[in-house]
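Here is a short tour of a protein model, written for someone who likes to know the cut-offs behind each term. Have the structure open as you read.

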Amino acid sequence: MILRRTPLLFLLAAGLLNAHDLPDQPPSWTHYLRMGGAQEESSSGAMGFYRIKRIHGNTFHDLRVLGMHLQDATIATARYKSSQKFTSAPKFYRFTVMSLRHNSISDLKIRYHYNQGFGGFVFEKPTTHLTAEAALSYDMSDYLSDTRKTSYFKWGLFWDVDIGPTSLALDFEYFNQVSDVVPGEADQSRYELSGELNFPLKNRIQITFGYEEEFYRDNVNSNVRSIYIALGIKKSLGIKY
């Protein structure tokens, strides 16, 4: 049953390895590995994070996996994003995002999320850029046991800035539920806010401070917040495909 319903998240992530490259423009691969401590609400513990991204011309692929093992809870997230700029209008792009999330604190078993839409650069400079995105999306809140979907209109703002060797990333997303609210259940409309501050140390080692929080519009659902601090590496990979 589980194998039959395995999400396309990881199958599409294999596109990282199968993308077609132009011989005169090799792709750029970068990976990140972090280990540290995390806290969500009143529970604290250890966290691990891995990310690999591939940029080639106008295409972008990004896979991230995050796990937190807390005193009385576990949190796990896997997220894959692909995007492609329009050749005739490189300030605009189309994208697809798929993710899986588990959070035992909020009694979230396995939530599968998918969204697809368009984005654009509000501004783009050598040390900073701001992008805006809009998409149609849906959730399956209990992916292994229930096929019911909740649909949303999603929009977001994403800001990245380099201040000398230090980097800051801030993401804001809003999911407005457009499907009917099921009787007896709360509206799942929510804001998602995350931030990440990276300070380089030496030999490609970084210290990272991170923050994530979900704010539900309906007060029936409780907000979920997590913070973490971690040491890690950021390294370019010499992959030629």
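## Overall picture

Of the 241 residues in the protein chain, 40% count as buried; buried means under 20% relative accessible area, exposed means over 50%, and partly exposed lies in between (1.4 Å probe, protein chains only). This is a predicted model, in which local features need pLDDT of at least 70 and side-chain atom pairs count only at pLDDT 80 or more, while totals for chains, interfaces and linings use all residues. Residues are numbered from 1 along each chain as its sequence is written, and side-chain values use heavy atoms, with hydrogens and water left out.

The protein chain exposes about 13600 Å², and carbon and sulfur atoms supply 60% of that area. Accessible areas come from the Shrake-Rupley method with a 1.4 Å probe, and for residues only the protein chains shown count as cover. Among contacts (heavy atoms within 4.5 Å) between residues at least 6 apart in sequence, 49% join residues at least 24 apart.

## Helices and strands

The protein chain has two helices and 12 strands. Here helices (H or I, at least four residues) and strands (E, at least two) are DSSP runs, numbered from the N terminus. Reading from that end, the order is α-α-β-β-β-β-β-β-β-β-β-β-β-β.

Strand β12 (residues 224–237) pairs with strand β1 (residues 28–40) in the antiparallel sense, over 12 bridges; two strands pair if DSSP finds at least two bridges between them. To find this pairing on screen, look for His31, whose bridge partner in β12 is Lys235. Strand β11 (residues 205–216) also pairs with β12 in the antiparallel sense, over 10 bridges. There, Ile205 has Ile233 as its bridge partner in β12.

## Salt bridges

How many salt bridges are there by the rule used here? The count comes to 12, where a salt bridge is a side-chain nitrogen of Lys or Arg within 4 Å of a carboxyl oxygen of Asp or Glu. One of them joins the side chains of Asp62 and Arg64, at 2.7 Å from N to O. Asp62 counts as buried because its relative accessibility is 1%, whereas Arg64, at 27%, counts as partly exposed.

Asp187 and Arg217 also form a salt bridge through their side chains (3.0 Å, N to O). This pair links distant parts of the chain, 30 residues apart: Asp187 is in the loop between β9 (166–177) and β10, and Arg217 is in the loop between β11 and β12. With a relative accessible area of 16%, Asp187 is buried, while Arg217 is partly exposed at 42%.

## Around Glu192

Glu192 is found in strand β10 and is buried, since its relative accessible area is 19%. Its side chain meets that of Arg111 in a salt bridge (4.0 Å, N to O). Arg111 lies in strand β6 (residues 108–125) and Glu192 in strand β10 (residues 190–200), so the pair ties together parts that are 81 residues apart in sequence. Salt bridges that share partners join Arg111, Asp139, Arg190, Glu192 and Glu214 into one network.

The side chain of Glu192 also makes a polar contact with the side chain of Arg190 (2.9 Å). A polar contact is a pair of N or O atoms within 3.5 Å; within protein, one must be able to donate a hydrogen and the other to accept it, and residues adjacent in sequence count only if both atoms are side-chain atoms. Leaving aside residues up to four places away in sequence, Glu192 touches Arg111, Asp171, Phe172, Glu173, Phe175, Glu213 and Glu214. The C-alpha atoms of Glu192 and Glu213 are separated by 5.9 Å, with the two residues 21 apart along the chain.
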